[in-house]
Structure formats: C-alpha cells, structure tokens
Amino acid sequence: IAFAGAPFTVASYLLEGRPTRTWVRTKALMATDPGLWHELADKLADMAIASLRSQVTAGAAAVQLFDSWVGTLSPPDYERFVLPASTKVLAGVADLGVPRIHFGTNTAELLGLMASAGAEVVGVDWRTPLDVARDRVPAGTALQGNLDPALVVAGWEATKPAAHDVLERGADPRGGHIFNLGHGVMPETDPEVLEKLVAQVHAH
C-alpha cells in the first residue's frame, strides 16, 4: 500500500514544529492568510501525488492518504481549507487504476466530506462504529477499520469479541469493508495476538 501524508497533516507538522493538542499556528494561518494556506496546501498536494505515483510505479497495489490530525477541524473549515487539496491528491492518482483509501482520526463528523474527496475507501478510527459510519458515506463507498488497537494490546480475550463486533457492523450490503485497526499497531502489541486476529478475520 502506497502511503502519503495528506496536505493538512503535513502542513500542521511544518507549522507547529512540535507535537500539539491545539493546532493553534495551523488554524491561525488558515484564519489570517487563507491565500498562503491554500498555496502551501496545493504544493503539499503536488508532493503527495508525486510520492504516491512513484510508489505505485514501484509496485504498490493501492494508495492510502493519511490525514491523521484533520479531526481537529470543524466540517465548514474542512470543506474550505482541506477538501480542495485532498481532492487534488486523490484525483492525481485516479488514472493509475488502484484503489484509493482516505483515512483520518477523530473524523466522525467529517466522514461524508472525506468520502466526497474521491477515494473508493474511507478509513474509520475506533471512535465511530462502522454501522454509524456507513450512514455517513454514500452507498458504494467501502469502509476500512476499525478495531481499537489498545484492545489488541490487552490480549486475545479482549480482542476476539471486539473484532467480531467490527466484522458484524461492517457487513453491510451498501458497501465493502476492509478489516483493519482503527489506527496503527502499538509497539507493545503481542504478535501472536495479531496472528490470531488475522485468522479470525479470514475464518469469518
């Protein structure tokens, strides 16, 4: 899977310069100099397109655009400041003929807008049940997710029923489902639990 950071998330790293819970500098630029913000986002979109295209040329079978921090925005701000650049990235790889996945965290209120950016698949973190997410995206849009990675750390007895719940909620005829964690694998995760999880998904 080809990987690229979405323009908003990459811009937030550039502007904040450190980990943040407020994204004050990023939001301030949007509010005070929207022209400069859009110029920056557009340049980052071009870089993401170039990176994703090179990865597909090298053999990647799908692309995933990660907007890890976009959940900090309201839907109106997302639509104004983020959607154009994300749409540009996804359109810029459309001709490659590989599935496009669009993922963010804390995006329950943004899922419909994220789907409108053009990807075939929208990633859902663990905060939003898949059946709820399904109602927020157009029919035909696949969902990816969304087991809480902390439960995998907690062990198999915690993982098994939660994974079953994800699989059941994801089984909706309005669109496909790619089973995944709701975010990355935590470093302390026991690989044996992951092996059991993969077997459970395949058996299901």
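**View 1. A six-strand open sheet with parallel pairing.** The open sheet of this predicted model has 6 strands in the order β1-β2-β3-β4-β5-β6, paired in parallel. Two strands count as paired if DSSP finds at least two bridges between them. Helices (H or I, at least four residues) and strands (E, at least two) are DSSP runs, numbered from the N terminus. Strands β1 and β6 (177-181) are the edges, and each pairs on one side only. Neighbouring strands are turned by 20° against each other on average, direction ignored. Angles run from 0 to 180 degrees between N-to-C directions, with axes as lines fitted to C-alpha atoms, for helices over the stretch in contact. Strands of a sheet pair through backbone hydrogen bonds, either parallel or antiparallel.

Residues are numbered from 1 along each chain as its sequence is written. In this predicted model local features need pLDDT of at least 70, side-chain atom pairs count only at pLDDT 80 or more, and totals for chains, interfaces and linings use all residues; side-chain values use heavy atoms, with hydrogens and water left out.

View 2. Strands β1 and β2 run parallel and are joined by 4 bridges. Ala2 has Val63 of β2 as its bridge partner. Phe3 has Gln64 of β2 as its bridge partner. Helix α3 packs on the sheet and touches β1 and β2. The direction of α3 makes about 170° with that of β1. Contact means heavy atoms within 4.5 Å. In a regular strand the side chains alternate between the two faces of the sheet. In β1, Ala2 and Ala4 form the covered face, while Phe3 and Gly5 form the uncovered one.

View 3. Helix α9 (residues 156-170) lies across β5 (142-147) and β6. Helix α9 runs at about 165° to β5. Asn146 is in strand β5. The peptide bond leading from Gly145 to Asn146 is cis, with omega near 0°.

**View 4. The largest nonpolar core, seen around Trp37.** This core has 35 residues, of which Trp37 and Tyr78 touch the most other members. A nonpolar core is a set of buried Ala, Val, Leu, Ile, Met, Phe, Trp, Tyr and Cys residues joined through side-chain atoms within 4.5 Å. Buried means under 20% relative accessible area, exposed over 50%, and partly exposed in between (1.4 Å probe, protein chains only). Elements that give two or more residues to this core are β1 (2-5), α1 (7-16), α2 (24-32), α3 (34-57), β2 (63-67), α4 (75-81), α5 (83-91) and α6 (111-115). Helix α3 gives the most, with 9 residues. Leaving out residues up to four places away in sequence, Trp37 touches Phe8, Ala11, Leu15, Thr26, Leu29, Met30 and Phe81. A second, separate core has 19 residues, including Ala115, Ala163, Leu181 and Val193.

**View 5. Leu14, an exposed leucine in helix α1.** Leu14 sits in helix α1. Leu14 is exposed, with a relative accessible area of 56%. Beyond its neighbours within four places in sequence, Leu14 is in contact with Leu40 and Leu44. Leu14 and Pro84 are 70 residues apart in sequence, and their C-alpha atoms are 19 Å apart in space.

**View 6. Two loop residues with positive phi.** Neither residue is a glycine: phi is about 55° at Trp23 and near 60° at Asn106. Trp23 lies in the loop between α1 and α2. Trp23 is buried, with a relative accessible area of 12%. Asn106 lies in the loop between β3 (100-104) and α6. Asn106 is partly exposed, with a relative accessible area of 45%.

**View 7. The whole chain, for context.** The secondary structure comes to 10 helices and 6 strands. The C-alpha trace spans about 50 × 35 × 35 Å along its principal axes. The chain has a radius of gyration of 17 Å, which agrees with the value near 17 Å for a compact globule of 204 residues. That radius is taken over C-alpha atoms, and the globule rule is 2.2 Å times the number of residues to the power 0.38. Buried residues make up 46% of the 204 residues. Among contacts between residues at least 6 apart in sequence, 64% join residues at least 24 apart. The chain exposes about 9,800 Å², and carbon and sulfur atoms supply 58% of it. Accessible areas come from the Shrake-Rupley method with a 1.4 Å probe; for residues, only the protein chains shown count as cover.
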